[in-house]
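Good morning, and thank you for the time.

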Amino acid sequence: MQIREGTPDDVPAVLAMFDSAVAWLTAQGRTGQWGTRPFTGDPRRTQQVTQWATGGGMRIAERDDAPAGCIAVGPAHDYVTPATEPELYVQALVIDRRHAGHAVGRTLLDWAAGEARARGVRLLRVDCYAGDDGRLVAYYESCGFTRAQPFTVGEWPGMVLYRRL
């Protein structure tokens, strides 16, 4: 697996990754995380991914020369409590479902930890959907993160997690 910097040319591929994740979650009846609508064609989602691509914090994991996952790092989202020390924040993580089971997400999270260390930062944080069966929170815990603080945005339940480096 290779990790490279994302560019604006990657926006359609990243939107497609989110589409595959939304379809998979919807098929399981788990629609609380990202809803049921594809990201492709949604101007707000396109703008969000474009900002990641032009902001310098987006990386693409490739397997067999195909985009398999995406991570975006930068400052924390405004809906979470600010950290009390310097940090690197995982703003987004998505895996193309065709590459599930190949440690793409773990590899990208490990890249983020390495990037934080390279910046002299010892705190990596992420937030995620904490509803339904809690599997996403458990996934991050299996990647070395610890629960820090629950939060809600509207009716959307979330959890901030951290990883000390």
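Predicted model: local features only at pLDDT ≥ 70, side-chain atom pairs only at ≥ 80, totals over all residues.

Residues are numbered from 1 along each chain as its sequence is written, and side-chain values use heavy atoms, with hydrogens and water left out.

Some terms are needed here. Helices (H or I, at least four residues) and strands (E, at least two) are DSSP runs, numbered from the N terminus. On a 1 Å grid over the protein atoms alone, a pocket is an open set of points with protein on both sides within 12 Å along at least five of seven lines, a cavity is a set where a 1.4 Å probe fits but cannot get out, and lining residues have an atom within 4 Å of a point.

The second largest pocket holds about 150 Å³ of space; a volume is the space filled by probe spheres set on grid points joined across faces, edges and corners. Among its lining residues are T81, E85, R125, Q149 and Y162. Two or more lining residues come from each of β5 (123-129), β6 (146-153) and β7 (156-164).

How many residues line the largest pocket? There are 39, and Q33, W34, L93, L136 and Y140 lie nearest its centre. This pocket has a volume of about 1,100 Å³. β4 gives the most to its lining, with 6 residues.

The whole structure has 1 cavity of 30 Å³ or more.

Finally, I turn to H99, which is found in the loop between β4 (88-95) and α3 (104-118). Is H99 buried or exposed? H99 counts as buried because its relative accessibility is 9%, where buried means under 20% relative accessible area, exposed over 50% and partly exposed in between, with a 1.4 Å probe and protein chains only. Beyond its neighbours within four places in sequence, H99 is in contact (heavy atoms within 4.5 Å) with R63, A66, P67, A68 and V104.
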